[in-house]
Amino acid sequence: MRAVVVTQPGGLDALQVTTVPMPEPQPGWVRIKVKAFGVNESEVSTRKGESDPEVTYPRIPGIEGVGVVDQADEDSALRPGQQVATMMGGMGRSFDGSYAQYVTVPEGQVIPFETGLPWEVVGALPEMFQTAYGSLATGLGLQAGQTLLIRGGTSTVGLSAATIAKDLGATVLSTTRNSERAGELRDAGVDHPLVDNGTIADQVRELMPDGVDAALELVGCSALADTFRTVRRHGTVCFTGALAGQWAIPDFSPFTIPSGVRLTAYAGEASDLPAQVFQQQLQAIAAGRLKAPVAKVYHGLEQVHEAQADVEAGTTPGKHVVLLDD
């Protein structure tokens, strides 16, 4: 089969399209014929050699993908030809990932679904929706009628979280550092776009004097203290991402957290996105209630180079998706 292989870390030229042996699934694993996959910052880090020691080389990157079951155990609940999504769980890091015509993964990280949506739309969803949904459901326990602040709103997870939260019935505030991108937030259903100049607590409190019920932190630890100030007493902040690059607070004191405000975190796996929920999200997209923020679609493994370059540039909001036509 054909795949993109990183033999050793480097620049974009480290992404080499080559022919490799067809992977054989071990017991309890499933082989998937890949139809599409999203391109993520995680894979850029893998290509550059900036990931943790879990990543070894040579490696086929790709932490998510969608396609159809090609081979599974006889006693598996999955059947050949069934539409499936897969993500995370060491995929593209400790074992070969989705930048290929076929990928093998543990059955436990496979999500079956049925949809008539184009593969390039479905391919944008797994990691993005899993992270957004897991943050809202597991990290925040968001309920209909509550208010949610998304810090880092024009990221793919931020845009997804906004659409999911609006579909749930929440009021959504969301941030961007560029005032010209406020329209993108409105298009995702955001009620109150906010321009983030480093501090947004005063803006939030003008809209919600008592503070929001929940805040999803995607910017990172550099913004966390200010995000705390936006949340009401007994409200919750969920730390999920660090777009600004700061994942830790030196000499952290618990008293940084305001009295009565709760801090949680989310770093889940495919199992946090139940098949029923993913199916409901697909149906909501088909019905027009949810939006899949697709930035650009690329055709074939040869365009992975271009896709990663665009992800690094960060100039186009939404998910970059590679569609395999063969």
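Predicted model: local features only at pLDDT ≥ 70, side-chain atom pairs only at ≥ 80, totals over all residues.

User: Let's begin with charges. How many salt bridges does a search of the whole structure find?

Analyst: The idea is to look for a side-chain nitrogen of Lys or Arg within 4 Å of a carboxyl oxygen of Asp or Glu. Searching the whole structure this way gives 18 salt bridges. One of these joins Arg47 and Glu312, with N to O at 2.6 Å. Arg47 belongs to helix α1 (residues 41-48) and Glu312 to helix α9 (residues 304-313), so this pair links distant parts of the chain, 265 residues apart.

User: Is Arg47 buried or exposed, and what about Glu312?

Analyst: Arg47 has a relative accessible area of 2%, so Arg47 is buried. Glu312 has a relative accessible area of 34%, which means Glu312 is partly exposed.

User: Which residue forms a salt bridge with Glu54?

Analyst: Arg93 does, and the closest N and O atoms are 3.2 Å apart. This pair also links distant parts of the chain: Glu54 sits in the loop between α1 and β4 (64-71), while Arg93 sits in the loop between β5 (83-87) and β6 (102-106), 39 residues apart. Glu54 is partly exposed at 34% relative accessibility, whereas Arg93 is buried at 16%.

User: Where do Arg232 and Asp213 lie?

Analyst: Let's take the contact before the location. The side chains of Arg232 and Asp213 meet in a salt bridge with N to O at 2.6 Å. Arg232 is in strand β12 (residues 231-239) and Asp213 in strand β11 (residues 212-217), so the bridge ties together parts that are 19 residues apart in sequence. Arg232 is partly exposed, with a relative accessible area of 25%, and Asp213 is buried, at 18%.

User: Which residues are linked in a network of salt bridges?

Analyst: Here the network takes in Arg151, Asp196, Asp202, Asp226 and Arg229.

User: Now the rings, please. How is a pair of aromatic rings described?

Analyst: The two things to read are the distance of the centres and the angle of the planes. In this structure the count comes to four aromatic pairs. Take Trp29 and Phe95: their ring centres are 5.0 Å apart and their planes are at 65 degrees, so this pair is edge-to-face. Trp29 is in strand β3 (residues 29-39) and Phe95 in the loop between β5 and β6, which puts these partners 66 residues apart, in distant parts of the chain. Both Trp29 and Phe95 are buried.

Another pair to look at is Phe113 with Phe278, where the centres are 5.6 Å apart and the planes at 80 degrees, so this one is edge-to-face. Phe113 lies in the loop between β7 (110-112) and α2 (119-122) and Phe278 in helix α8 (residues 275-287), so the pair ties together parts that are 165 residues apart in sequence. Phe113 is buried at 3% relative accessibility, and Phe278 is buried at 1%.

User: Which residues form one aromatic cluster?

Analyst: Phe113, Trp119 and Phe278 form one.

User: And what lies over the face of Tyr102?

Analyst: That is Arg31, at 6.0 Å from the ring centre.

User: Next, cysteines. How many disulfides does a search of the whole structure find?

Analyst: In general, a disulfide is a covalent bond between the sulfur atoms of two cysteines. The search of this structure finds zero.

User: Finally, how do I read a helix?

Analyst: An α-helix has 3.6 residues a turn, so residues three or four places apart point the same way. Helix α4 (residues 156-168) has 13 residues, and from its first C-alpha to its last α4 reaches 18 Å, close to the 18 Å expected.

User: Which residues of α4 are buried, and what covers them?

Analyst: Among the buried ones are Val157, Leu159, Ala161 and Ile164. Their cover includes α3 (126-140), β8 (147-151), β9 (171-176), α5 (182-187), β11 and α8. Just after α4, Gly169 takes a positive phi of about 110 degrees.

Technical notes:
Residues numbered from 1 in each chain as written. Heavy atoms only, no water. Helix = DSSP H or I, 4+ residues; strand = E, 2+ residues; numbered from the N terminus. Buried < 20%, exposed > 50% of the residue type's maximum accessible area, 1.4 Å probe, protein only. Phe/Tyr/Trp six-rings, centres within 6.5 Å; stacked < 30°, edge-to-face > 60°. Lys NZ or Arg CZ within 6 Å of the ring centre and 35° of its normal. Disulfide = S-S within 2.5 Å. Expected span 1.5 Å × (residues − 1). Contact = heavy atoms within 4.5 Å.
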